[in-house]
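Please consult the sequence and the structure shown here.

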Amino acid sequence: MPELPEVETVVRDLRAAGVANAVIDECRFYWPKTAACLPPEQFAAALCGRTVVAVSRRAKYIVLSLDDGRALLIHLRMTGKLRLEPLPAKPLPHDRAQLIFADGRALVFNDTRTFGRFQLADTVTGTLANIGPEPLDDAFTADVLAARLHSRRRAVKPVLLDQSVVAGIGNIYADESLFAARIHPERPAASLTRREMVRLHAAIRATLARAIQANGTTLGSATTNFYSVAGRRGSNADNIRVFRRHGQPCPCCGTTIRRAVVGGRGTHFCPTCQPRRRPNPSSPVSPLS
Ligand SMILES: [Zn+2]
């Protein structure tokens, strides 16, 4: 599933392609459920004639801000992809929606698994009010992370995947961040020491920033994997150290990387670098002060 770095890559590609300033002539849905919350005809009518004034990202949502103050939110979910094509766009299997622009191009949404959604938001902050802070914002400090984790007794891995805690982190970057911070994924979030909170905060930011620089992670060659606009692969797979590398040696210590199911999700870690016990039992369980 595309996570923060992959969605950010798509947003940057859309911006570079000049989608901001494009005028929407028409919107077509080929899979009615792609249009969330509104009947497809009503959804399409609301977009017709609108100008896209900005393209941005919030959590895992692509945000096309419109000239009427509303925004089109696109969530790629498992297999959603966008491509820009000159008109008439050549239909492909699994195309679910098209935005036809007045500049003679179409933004086509292709989605094999059909979980992706278009949503019309009166305001982005209102519609996405329950989503946690952006991990790469300056305001996201180690204190902020600690305050959001210290009352949660669940394993830290599913807590990181909870979008209301921190925005944009999915399975790949949760595993990679916990490895970089040397924290076992099954440690209760509330049990993390101050030092571990600081390490995890730095690891999340460094892991996500490096992945954005590499245009996201494309693993393997299946067509359902992540590809940005124009079918571009991300090259962050070269930076992956534990995710789906179970059975291989840890790049730090050589111990065999293990896979476990934590919070219902496949989880990859090094049992030596990420010990299960809390490192210093006398360390206080509290947010940073
Ligand atoms: Zn190791």
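## Accessibility of R70 and its partner

In this predicted model, R70 has a relative accessibility of 27% and therefore counts as partly exposed. Its partner in a salt bridge is D68, with 3.3 Å between the closest N and O atoms. D68 is likewise partly exposed, at 32% relative accessibility.

## The R105 and D103 pair

A salt bridge also connects the side chains of R105 and D103, with an N to O distance of 3.1 Å. R105 has a relative accessible area of 22%, which places this residue in the partly exposed class. For D103 the relative accessible area is 44%, and this residue is partly exposed.

Elsewhere, salt bridges with shared partners join E8, R12, R57, R58 and E134 into one network.

Are R57 and E134 buried or exposed? With a cut-off of under 20% relative accessible area for buried residues, R57 is buried because its value is 17%. E134 is buried as well, its relative accessible area being 9%.

The side chains of R57 and E134 form a salt bridge at 2.9 Å, N to O. This pair links distant parts of the chain, the two residues being 77 residues apart. R57 belongs to strand β2 (residues 52–58), whereas E134 is in the loop between α3 (124–127) and α4 (142–149).

## Overall count

How many salt bridges does the model contain? The count comes to 15 salt bridges, including the bridge between R57 and E134.

Note on methods. Residues numbered from 1 in each chain as written. Predicted model: local features only at pLDDT ≥ 70, side-chain atom pairs only at ≥ 80, totals over all residues. Heavy atoms only, no water. Salt bridge = Lys/Arg side-chain N within 4 Å of Asp/Glu carboxyl O. Helix = DSSP H or I, 4+ residues; strand = E, 2+ residues; numbered from the N terminus. Buried < 20%, exposed > 50% of the residue type's maximum accessible area, 1.4 Å probe, protein only.
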